[in-house]
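Thanks for coming. I will go through one structure this morning, pockets to begin with and helices after that.

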Amino acid sequence: MTALPEAVELLHRLGMRGWTIGVAESLTGGLLAASLVDVPGASAHLRGAVVAYATDLKHAILGVDAALLARHGPVHPEVARQMAEGVRTITGHDGVRADMGVSTTGIAGPESPDGQPVGTVHIGVSTPAGARVVSLVLDGDRDAVRREAVRQALIAAIDGV
């Protein structure tokens with residue numbers, strides 16, 4: 001496969017800083033991690049990835065607050081932030097967190113289970129400097145939403161390095 005230019009750029013920037021990255025995905029279902037793995041040499045920086053598609057796994061594996069999930073569901077900016085924070089911890093090593101965590105959660109469609117617009121996406125980025133969330137409503141069918149969510153997550157991560 002041809003690597004996305006944004007994935008190449010992100011890994012280059014991580015390399016310049018000597019940083020590692022962990023990825024937590026929901027709606028993108030592994031596409032974000034795969035986009036990084038498409039870049040030769042990704043293993044120097046990508047520590048690992050979690051596809052926490054089920055809501056309960058966001059809590060059990062990534063440490064997202066159960067009360068938050070119960071109150072707002074899995075498609076919420078704070079869920080994305082907590083997913084990004086959590087993946088830094090679980091992809092760390094020797095008691096040291098990964099330098100960057102990136103997460104995706106949202107609704108790819110074709111229907112919305114909770115009334116939010118199809119295409120709603122929240123991207124979390126966590127680094128030692130703090131965490132932030134990019135919230136978007138993307139156009140297109142399920143495949144287009146998922147692929148654009150990956151691209152936007154890479155861009156958000158680049159901005160965080």
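**Pockets and helices**

Sorted by class, the residues lining the largest pocket are seven nonpolar, six polar and four charged. For the classes, Ala, Val, Leu, Ile, Met, Phe, Trp, Tyr, Cys and Pro count as nonpolar, Asp, Glu, Lys and Arg as charged, and the others, Gly among them, as polar.

Before going on, the ground rules. This is a predicted model, where local features need pLDDT of at least 70 and side-chain atom pairs count only at pLDDT 80 or more, while totals for chains, interfaces and linings use all residues. Residues are numbered from 1 along each chain as its sequence is written, and side-chain values use heavy atoms, with hydrogens and water left out.

Back to the largest pocket. Its volume is about 290 Å³. Of the 17 residues in its lining, Pro74, Val75, Gly106, Ile107 and Pro113 lie nearest the centre. Helix 3 (55–60) and strand 3 each give at least two residues to that lining. A pocket here is an open set of points on a 1 Å grid over the protein atoms alone, where a 1.4 Å probe fits, with protein on both sides within 12 Å along at least five of seven lines; lining residues have an atom within 4 Å of a point. Grid points are joined across faces, edges and corners, and the volume is the space filled by probe spheres set on the points. Helices (H or I, at least four residues) and strands (E, at least two) are DSSP runs, numbered from the N terminus.

The second largest pocket holds about 220 Å³ of space. Its lining consists of Met1, Thr2, Leu4, Leu31, Ala34, Ser35, Asp38, Arg147, Val150 and Arg151. Which elements give two or more residues to this lining? They are helix 2 and helix 6. By class, the lining has five nonpolar, two polar and three charged residues.

Now helix 1, residues 5–17. Its 13 residues reach 19 Å from first C-alpha to last, close to the 18 Å expected at 1.5 Å a residue; the expected span is 1.5 Å times one less than the number of residues. Glu6, Ala7, Leu10, Leu11 and Leu14 are its buried residues. Buried means under 20% relative accessible area, exposed over 50%, and partly exposed in between, with a 1.4 Å probe and protein chains only. Pro5 and Met16 are exposed, on the face turned away from the buried side. The buried residues of helix 1 pack against strand 1 (21–25), helix 2 (31–37), strand 3 (100–106) and helix 6 (142–160), where contact means heavy atoms within 4.5 Å. After the helix comes Gly18, with a positive phi near 70°.

Helix 6 has 19 residues and spans 27 Å, close to the 27 Å expected. Its buried residues include Val145, Ala149, Val150 and Ala153. Among the elements covering the buried residues of helix 6 are helix 1, helix 2 and strand 3.

Last, two single residues. Ser43 sits in the loop between helix 2 and strand 2 (46–51), and at 70% relative accessibility Ser43 counts as exposed.
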